[in-house]
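Open the model in your viewer and keep the selection tool at hand. The stops below each say what to select next and what is there.

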Amino acid sequence: MINVGVIGFGYWGPNLVRNFSASGRTNMVAVCDLDPKRLAVAARSYPAIRTTTDVKELLAAGDIDAVAISTPVQHHFELAMAALKAGKHVLVEKPMASTAEECRLLIEEAARRKLTLMVDHTFIYTPAVQKMRDLVQSGELGEVYYYDSVRVNLGLFQHDVNVLWDLAVHDLSIIEYVLGQVPVAVSATGISHVPGAPENIAYMTLFFDSSTIAHVNVNWLAPVKVRQTLVSGSKKMVVFNELEPSEKIKVYDKGIVLNDDQEQINKLIAGYRTGDMWAPQLAGTEALAAEVSHFADCIENGTTPLTDGVMGFNVVKVLEAASRSLAERGASMPVER
Ligand SMILES: NC(=O)c1ccc[n+]([C@@H]2O[C@H](COP(=O)([O-])OP(=O)(O)OC[C@H]3O[C@@H](n4cnc5c(N)ncnc54)[C@H](O)[C@@H]3O)[C@@H](O)[C@H]2O)c1
């Protein structure tokens, strides 16, 4: 059993606490939040768990092996570093930190102390995203032409990060995991409709070393909730609708067939191939349950998490380049590594 402490019991923290409590692999020991009202809620729901407003007290506890951090992004680095220095394994919320340099320092500290450092890129643990990865990596989709995602709703306006850092962060982790590619350049546009607040709507285009292109549309000011991703390949295409109760993934045997005849190619004449659509059966497992179990595996066996510090770093690198591009009204920015 891995004994766990959770720091931050706001909106997302309770999901972590619920899953750490329910998992047969981990044992919830303590919750820390600066807000006593949130601690009162935690104490009512989990009377056996210790609560504290003092992070130092939680990190000093000898009966805690691992810490999960679900505070606003600006605190991730300071808290994750303190937890590693206290000898705790760390699961930190997405995005991993406010800068790629902070991510790098956390990766180094965890490596030096031989501690597990994992980032909660939750989507990677969903059966739907794992299926998409299988379809791409097995070659069933063929060469990937594009990834196109819409992630909009009347969402919670965040004060400390813009909509790219809040929502597009999901797509960046999915793209790395499913396509097995990391962007080399990014162009982002967006705007804030609340004076002084971060951008609440943004469009981001990602370029790769291959001919794959990705586009991500994120928005906290949409009248309807849409969570739809298209991945199109030379052989097949996938539609992932996260809001579908079943059949979240649909695979379409559709595409174009380019003519071998040079004259026809010159005239850009393509044939259309329209075959069957099928919806693969997906497990009903909650992503966080699988993730908590994976975290315990990695700690016990010293293995590298699927969503390790390097993925967290890669995602933040793109977000930094996207922020530079936003400031330049969409100018293409390289993602240096
Ligand atoms: N993985 C996901 O799908 C997902 C979904 C939502 C949010 N998140 C992430 O979870 C994190 C928290 O988001 P949220 O929406 O729950 O925020 P929130 O503001 O609702 O909750 C944050 C909590 O942390 C507490 N807190 C702040 N600073 C603290 C500190 N130094 N020590 C202890 N407690 C502190 C606050 O009092 C608050 O209760 C963010 O990084 C966000 O990106 C992830």
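Select helix H7 (163-179): with four residues, H7 gives the largest share of the lining of the largest pocket. Helices (H or I, at least four residues) and strands (E, at least two) are DSSP runs, numbered from the N terminus. A pocket is found on a 1 Å grid over the protein atoms alone, as an open set of points with protein on both sides within 12 Å along at least five of seven lines, and its lining residues have an atom within 4 Å of a point. The model is predicted, so local features need pLDDT of at least 70 and side-chain atom pairs count only at pLDDT 80 or more, while totals for chains, interfaces and linings use all residues. Residues are numbered from 1 along each chain as its sequence is written, and side-chain values use heavy atoms, with hydrogens and water left out.

Stay with this pocket and select Tyr11, Trp12, Lys94, Gln158 and Asp166, which lie nearest its centre among the 50 residues of the lining. Other elements that give two or more residues to the lining include helix H1 (13-22), helix H4 (76-85), strand S7 (144-154) and strand S11 (221-233). The volume of the largest pocket is about 1500 Å³, where a volume is the space filled by probe spheres set on the points, and grid points are joined across faces, edges and corners. Colour the lining by class to find 21 nonpolar, 14 polar and 15 charged residues. Here Ala, Val, Leu, Ile, Met, Phe, Trp, Tyr, Cys and Pro count as nonpolar, Asp, Glu, Lys and Arg as charged, and the others, Gly among them, as polar.

Why does the largest pocket lie between domain 1 and domain 2? Domain 1 (2-115) and domain 2 (124-286 + 317-334) both give residues to its lining, so the pocket lies between them. These bounds come from an automatic or database domain assignment. Colour the two domains separately: their centres, taken over C-alpha atoms, are 31 Å apart. In contact (heavy atoms within 4.5 Å) are 11 residues of domain 1 and 10 residues of domain 2.

Next, show the strands of the open sheet, six of them in the order S3-S2-S1-S4-S5-S6, with parallel pairing. Two strands pair if DSSP finds at least two bridges between them. At the edges are strand S3 (50-52) and strand S6 (117-120), each pairing on one side only. From one strand to the next the twist averages 25°. Strand S2 (residues 26-32) pairs with S3 over three bridges; select Ala30 to find its bridge partner in S3, Arg50.

Axes are lines fitted to C-alpha atoms, for helices over the stretch in contact, and angles run from 0 to 180 degrees between N-to-C directions.

Move to the second largest pocket by selecting Pro127, Pro245, Lys248, Leu282 and Ala283, which lie nearest its centre. This pocket has a volume of about 350 Å³, and its lining divides into 10 nonpolar, five polar and three charged residues.

For the last stop, select Leu172, Glu176, Val315 and Arg337, which are among the residues that line the largest cavity. A cavity is a set of points where a 1.4 Å probe fits but cannot get out. The largest cavity holds about 40 Å³ of space. Helix H10 (309-327) gives the most to this lining, with three residues.
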